[in-house]
Amino acid sequence: METPVIAGREFTWTEVHGPRPVAILSESLAREMFGSPQAAIGKRIREFTPWHEVVGVVADVHENGIDQPSPAMVYWPPKPGDIPGLRRSILRAGRRL
C-alpha cells in the first residue's frame, strides 16, 4: 500500500490469497473506534459478514487535499476473482462497522 504502518503489520501473502478474513484500518478510524492504533490490533470488525480481524493500522490518507480531513478507511484483501489490488471502504459520518 506504501502507506506508513502505525501499528501492527501489512497483509501477509497467505491472507491476501487465503480464506483468513483480515482488515487494516486508517489511523483516524482506529482512534475513533478503539481509542488508539495499538488498541485496534486483534479486534474484530465487519461491514457485512464475516468478521475480520484487524491486523494493522496505517497513516491517514488525504484524498481531497491536505487541508481537508482524511476519510475513515478500511482496507480489505481482494476477494477471489477481483482485479489485483486492495479493496477499501470509505466510511461516511454516522456509519459504524
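1. Glu-15 is buried, at a relative accessible area of 3%, where buried means under 20% relative accessible area, exposed over 50% and partly exposed in between, with a 1.4 Å probe and protein chains only. Its side chain meets that of Arg-9 in a salt bridge, 2.7 Å from N to O. The term stands for a side-chain nitrogen of Lys or Arg within 4 Å of a carboxyl oxygen of Asp or Glu. Arg-9 itself counts as partly exposed, at 31%.

2. A word on the basis: this is a predicted model, in which local features need pLDDT of at least 70 and side-chain atom pairs count only at pLDDT 80 or more, while totals for chains, interfaces and linings use all residues. Residues are numbered from 1 along each chain as its sequence is written, and side-chain values use heavy atoms, with hydrogens and water left out.

3. Have a look at Glu-53 and Arg-20 next, whose side chains form a salt bridge of 2.5 Å, N to O. This pair links distant parts of the chain, 33 residues apart: Glu-53 sits in strand 4, and Arg-20 in the loop between helix 1 (13-16) and strand 2 (22-26). Helices (H or I, at least four residues) and strands (E, at least two) are DSSP runs, numbered from the N terminus. Glu-53 is partly exposed at 27%, and Arg-20 is partly exposed at 37%.

4. Within helix 2 (residues 27-34), Arg-31 and Glu-27 lie 4 residues apart, about one turn of the helix. Salt bridges that share partners, for their part, join Arg-9, Glu-15, Arg-20 and Glu-53 into one network. The closest N and O atoms of the Arg-31 and Glu-27 salt bridge are 2.9 Å apart. Glu-27 is buried at 18%, whereas Arg-31 is partly exposed at 43%. The whole structure holds 4 salt bridges.

5. His-52 is also worth a click: it belongs to strand 4 (residues 52-58) and counts as buried, at 12% relative accessibility. Its side chain reaches the backbone oxygen of Pro-50 at 2.9 Å. Beyond its neighbours within four places in sequence, His-52 has contacts (heavy atoms within 4.5 Å) that include Pro-21, Val-22, Lys-43, Ile-45 and Trp-76.

6. Finally, the overall picture. The protein chain has 3 helices and 6 strands, in the order β-α-β-α-α-β-β-β-β from the N terminus. Of its 97 residues, 34% count as buried. Among contacts between residues at least 6 apart in sequence, 57% join residues at least 24 apart.

Methods:
A polar contact is a pair of N or O atoms within 3.5 Å; within protein, one must be able to donate a hydrogen and the other to accept it, and residues adjacent in sequence count only if both atoms are side-chain atoms.
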